[in-house]
Amino acid sequence: TSKEVCQYRFKQLINDKIITGFYALPDVSKLGYTSNKVFIKYKSLTREKEQEIISYVIKTQLVSWAAGCEGAWDLIITTITVNQKEFVDFYLDFFSRFGEYFKHKEVLVPIDSIALNEKYLADGKTLYSKKFGLQPEKTVEIDEKDRTILHELSVNARATLTEIGKK
């Protein structure tokens, strides 16, 4: 396929909202961060209280990902923290606020993770496999400019170097 055809089709996928964004996937363990997951099953929860819980999760800086679910769990939260004490502080605060609305909870401390390509688009073949550490091992020091670059890429990984440089 020519560059022009590929570019046209790529823009159509964006216009049709099939591609909804681009982001960088940093290995946070190399920056000294720890990842944890919290799994929650609700009990006796009103719609208003659920919205209050979701608002709290969205506003909490330590939460990097959350999903409402059907099945064994109603809510899954991923945190990225500097250390386990920071996670425990979040955990205690969260459960002191909302614990009475939870039937069951579990915490997962992942050791590593593997990111794979969207295999349903590649006839079930693994075309991309990237292993990430999720607990700090060897860390790399970065300065404020590097943090700004990572932040900008986390919002839009297709930003030009000129756009990022201006920020």
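Strands β2 (residues 63-68) and β3 (residues 75-81) form a hairpin with six residues between them. In the turn, G71 has a positive phi of about 115 degrees. The model is predicted; local features need pLDDT of at least 70, side-chain atom pairs count only at pLDDT 80 or more, and totals for chains, interfaces and linings use all residues. Residues are numbered from 1 along each chain as its sequence is written, and side-chain values use heavy atoms, with hydrogens and water left out. Helices (H or I, at least four residues) and strands (E, at least two) are DSSP runs, numbered from the N terminus.

G68 stands opposite L75 in β3. Strand β3 also pairs with β1 (residues 34-42), again antiparallel, through seven bridges. Here F39 faces I76, and the bridge partner of K37 is T78. Strands count as paired if DSSP finds at least two bridges between them. Six of the seven residues of β3 are buried, so this strand is largely enclosed by the rest of the structure. Buried means under 20% relative accessible area, exposed over 50%, and partly exposed in between (1.4 Å probe, protein chains only).

The four strands make an open sheet in the order β2-β3-β1-β4, with antiparallel pairing. Strands β2 and β4 (102-108) stand at the edges. Each has a single partner strand, so one side of each is left without a neighbour in the sheet. The twist averages 15 degrees from one strand to the next.

Helices α2 (residues 47-59) and α3 (residues 84-98) have axes that come within 11 Å and cross at roughly 165 degrees. That makes α2 roughly antiparallel to α3 (under 35 degrees counts as roughly parallel, over 145 as roughly antiparallel, 65 to 115 as roughly perpendicular, the rest as oblique). Axes are lines fitted to C-alpha atoms, for helices over the stretch in contact, and angles run from 0 to 180 degrees between N-to-C directions. In α2, K49, E52, I53, Y56 and V57 meet F90, D93, F94, R97 and F98 of α3. Contact means heavy atoms within 4.5 Å. By class, the contact holds six nonpolar, no polar and four charged residues.

K43 lies in the loop between β1 and α2. This residue is partly exposed, with a relative accessible area of 39%. K43 and Y101 are 58 residues apart in sequence, yet 5.3 Å apart in space, C-alpha to C-alpha. Not counting residues up to four places away in sequence, K43 touches E100, Y101, F102 and K103.

How values were computed. Nonpolar A, V, L, I, M, F, W, Y, C, P; charged D, E, K, R; others polar.
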